[in-house]
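These are my notebook entries on a structure that I had not looked at before. I went through the chains, their contact and then the sheets.

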Protein chains: 2
Amino acid sequence: MSMKLHILGCYAATPRTLSNPTAQVLEIRNHLFLIDCGEGTQVQLRKNKVKFSRIQHIFISHLHGDHFFGLPGLISTFRLLGREKELHVYGPKGIKEAITLLMKLGNSWTNYPLIFHELDSKESQIIFEDEKLTVTTIPLDHRIYTNGFLFMEKIGDRKLDVQAMAKYRIDKQYFGEIKKGSDYTLPDGIILTNDQLTLDPPPIKSYAYCSDTGYFENIIPLIRNSDALYHEATFLDSEAHYSATTKHSTAKQAATIAKKAEVGRLILGHFSTRYKNTEPFQAEASTIFNPVELAEDGKVFEI
Amino acid sequence: MSMKLHILGCYAATPRTLSNPTAQVLEIRNHLFLIDCGEGTQVQLRKNKVKFSRIQHIFISHLHGDHFFGLPGLISTFRLLGREKELHVYGPKGIKEAITLLMKLGNSWTNYPLIFHELDSKESQIIFEDEKLTVTTIPLDHRIYTNGFLFMEKIGDRKLDVQAMAKYRIDKQYFGEIKKGSDYTLPDGIILTNDQLTLDPPPIKSYAYCSDTGYFENIIPLIRNSDALYHEATFLDSEAHYSATTKHSTAKQAATIAKKAEVGRLILGHFSTRYKNTEPFQAEASTIFNPVELAEDGKVFEI
C-alpha cells in the first residue's frame with residue numbers, strides 16, 4: 001500500500017513568514033498520523049487541506065518549541081470544533097503536565113477523550129499497533145530526550161489465487177483460513193498446500209522519521225531498509241562545528257546514516273533558517289547517498 | 001503625541017488561513033507594547049514588519065489560547081535571536097508557572113531577564129509607569145480572570161514660549177524649572193508668572209483595550225473620554241443569545257459602552273469566525289455610536 005507524507009513545516013527554530021517549524025502528516029492504512037506540531041501547525045493543516053478532524057494520533061518527538069508549541073492550540077481547536085473522538089498523544093514525559101496546566105489555566109477542558117502516552121524509555125519500543133501497522137520509537141541523540149518514529153506496515157494476509165479457487169471449486173467459507181496460510185484438503189483426500197492456492201501478499205512499506213538528532217549510528221539497526229527515511233539536516237558540512245554542540249546533523253551525516261542503513265530514499269529536512277537556499281543540502285548529501293530529496297513546506301511525498 | 005496601533009490579529013477562537021487570533025502592538029512614547037499574543041503572533045510581527053526586538057513589555061489579558069498560545073514561541077524566539085534586554089510580561093496569575101514549565105521541559109531557559117508581573121486583583125491598578133505614561137488594568141467580565149488595559153500618556157511639561165524667553169533674555173539654566181511651572185524674577189525684582197512664559201503642553205492621548213468581555217458597565221468610569229476604545233464584538237445582535245453564556249459582547253453592546261463612556265472613537269474586533277463579512281458589525285454599532293472602525297489583521301490605526 002502506498003503512503004503519503006505531507007510536509008507542513010520543515011525548518012529549524014522559529015516560524016517565519018515563509019517557513020514553518022516541524023510538522024508532518026503521514027497517511028498510512030487509513031490513518032492520518034500527525035508527527036510533531038510546531039507553532040502554526042493548525043494553519044498549515046488548513047492550508048494543505050488535510051482533513052484534520054481525522055487525526056487521532058499525534059506523535060511528538062521532543063519538547064522543544066519548534067516541534068511542540070502548536071499542540072496546545074490544536075487540542076483547543078478540536079474542542080471548539082465539537083470533536084467527540086478520542087485523541088491520542090505520544091510524547092516525552094511531561095507533555096501531559098504541560099497540556100493539562102494550559103487547559104486548567106484557561107478553564108478549557110476538552111469535551112473529547114484526550115489520552116496521553118508518555119514516553120521515557122531509552123530503548124526502542126512499540127507505542128502503537130493495530131492489525132495493519134506498528135509505530136516504534138527510535139531513540140535519538142539530542143540535547144533533551146527525543147524519539148524518532150518508525151511507521152511500519154505489517155505483512156498482510158496472503159492473496160487468494162482466484163484461478164486456483166475456481167479450478168478446485170473451493171467454497172468461500174474457506175477463503176479466510178487459506179489467506180491466513182492454511183492448506184486445503186480436496187474431497188478425494190488430496191492435500192493442496194497453501195502455496196498452490198495463494199500468492200505473496202503485497203510488499204510492506206515503512207517510513208522512518210528522525211528529527212532532531214546528532215549523528216547517531218545506534219539508529220541504523222532500527223531503520224535498516226526503510227522505504228523512506230526523513231533525517232534532519234540542520235547544517236551543511238561547512239557548519240559541521242555547530243553539529244556536535246547543538247546535537248544536530250549535517251546533510252553529509254544524514255546521508256551517511258541513509259547509506260549505512262540501506263534505506264530506499266532519503267528526505268532531508270529541519271534546515272536552519274540561516275540558509276536561504278536548500279539546494280546545497282541535496283548536492284552535499286548526494287555525494288554519499290542517492291536518491292536524496294528535500295522536504296519543503298506544502299510538498300507531498302508518495303512513498 | 002500620536003500613537004500607532006498595529007492590529008496583528010483580531011479574530012476570536014482559532015487561527016485560520018486568513019485570520020489570526022488576538023494580538024496587537026501599540027507604539028506609544030517610544031515604547032512598542034505587545035497586547036495579547038495568540039498563536040502565530042511572531043509570524044504576524046514579521047509580516048507586519050514590526051521591529052519586535054524593541055518589544056520590552058507584553059500585556060496578556062487572559063489565559064485563553066487565542067490570546068496567549070503565541071507567547072511561549074515568542075519568548076523562545078527572543079532567546080534564539082540572542083536577546084539581552086529585559087522582557088516584562090504582565091498577565092494573570094499562573095502565566096509564570098506555564099511559561100516556566102515549558103522552558104523546563106525544553107531545557108530552554110532564556111539568556112535574558114524574563115520578568116513576570118502576575119495579576120490577580122479584581123480592582124483596577126497601575127501596572128506600568130514611567131515619566132511619559134501609565135498602563136492601568138481594566139477588570140473585565142469574562143469566563144476566566146481577564147483584564148483590559150488602559151494606556152494613558154501623562155501630562156507633559158509646559159512648553160517654553162520662545163518669544164518670551166528672548167524678550168526677557170532669560171538664561172537657559174532656568175528653562176527646566178520654568179517648564180515645570182516656576183515663575184521667574186527679573187533682575188529689577190518684577191515677577192513674571194509662569195503663564196507669561198509658557199504655553200500649554202500638548203494634549204494627552206489614551207487608548208483602552210477591552211477584550212474579552214461581556215457587556216460590563218463597570219468599565220465605563222475607567223475608560224471615560226479615552227481617545228480610542230478597542231472593544232470586543234464577537235457577535236452581532238442576531239446572536240445576542242450567545243453573548244451571556246460565553247461572556248462576549250455584540251457590536252451593539254460595544255457601541256453602547258463607547259457611547260456611555262464618551263470615547264473619541266470605537267474600534268471593534270475579536271469577531272467570531274462564523275461571520276464571513278465584518279461590515280455588519282460597523283453598520284450595527286454605528287446606529288448607536290460614531291465613529292466606529294473595524295479592526296483588520298495588518299491594519300494600522302493612528303490615534
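I began with the contact rule: two residues are in contact if their C-beta atoms, placed from the backbone, lie within 7 Å. I also noted that this is a predicted model, in which local features need pLDDT of at least 70 and side-chain atom pairs count only at pLDDT 80 or more, whereas totals for chains, interfaces and linings use all residues. Residues are numbered from 1 along each chain as its sequence is written, and chains are lettered from A and ligands numbered from 1 in the order in which they are written.

**Entry 1: how the two chains meet**

I looked up the contact and found that 31 residues from chain B and 31 residues from chain A take part in it. Helix 1 (41-47), helix 2 (71-80) and helix 3 of chain B each supply at least two residues of the side of chain B that touches chain A; helices (H or I, at least four residues) and strands (E, at least two) are DSSP runs, numbered from the N terminus. I sorted the residues of that side of chain B into twelve nonpolar, 13 polar and six charged, where Ala, Val, Leu, Ile, Met, Phe, Trp, Tyr, Cys and Pro count as nonpolar, Asp, Glu, Lys and Arg as charged, and the others, Gly among them, as polar. The copies meet through the same surface, because 100% of the interface residues of chain B are also interface residues in chain A.

Which rotation superposes chain B on chain A? I noted one of 179° with 0.1 Å of shift along its axis, at an RMSD of 0.1 Å, and this is the relation of a two-fold axis. The superposition is by least squares on the C-alpha atoms of residues with pLDDT of at least 70 in both copies. Of the residues of chain B, B:Gly40 comes closest to the rotation axis, with its C-alpha at 2.9 Å.

**Entry 2: chain A as a whole**

I recorded ten helices and 18 strands in chain A, whose C-alpha trace spans about 75 × 55 × 35 Å along its principal axes. Chain A is divided into domain 1 (4-156 + 202-302) and domain 2 (159-199), with bounds that come from an automatic or database domain assignment. Taken over C-alpha atoms, the centres of these two domains of chain A are separated by 43 Å.

In chain B I followed an open sheet of seven strands in the order 6-5-4-3-2-1-18, with mixed pairing; two strands pair if DSSP finds at least two bridges between them. Its edge strands are strand 6 (114-119) and strand 18 (300-302) of chain B, each pairing on one side only. Helix 3 (residues 95-105) of chain B packs on this sheet and touches strand 5 (87-92) and strand 6 of chain B, its direction making about 145° with that of strand 6; axes are lines fitted to C-alpha atoms, for helices over the stretch in contact, and angles run from 0 to 180 degrees between N-to-C directions. Strand 2 (residues 23-28) and strand 3 (residues 31-37) of chain B run antiparallel and are joined by six bridges, and B:Glu27 stands opposite B:Leu32 in strand 3 of chain B.

**Entry 3: the other sheet I followed**

Seven strands of chain B form an open sheet in the order 7-8-9-14-15-16-17, with mixed pairing. Strand 7 (126-129) and strand 17 (292-294) of chain B stand at the edges with a single partner strand each, so one side of each is left without a neighbour in the sheet. Three bridges join strand 7 of chain B to the antiparallel strand 8 (residues 133-139) of chain B, and B:Glu129 stands opposite B:Thr134 in strand 8 of chain B.
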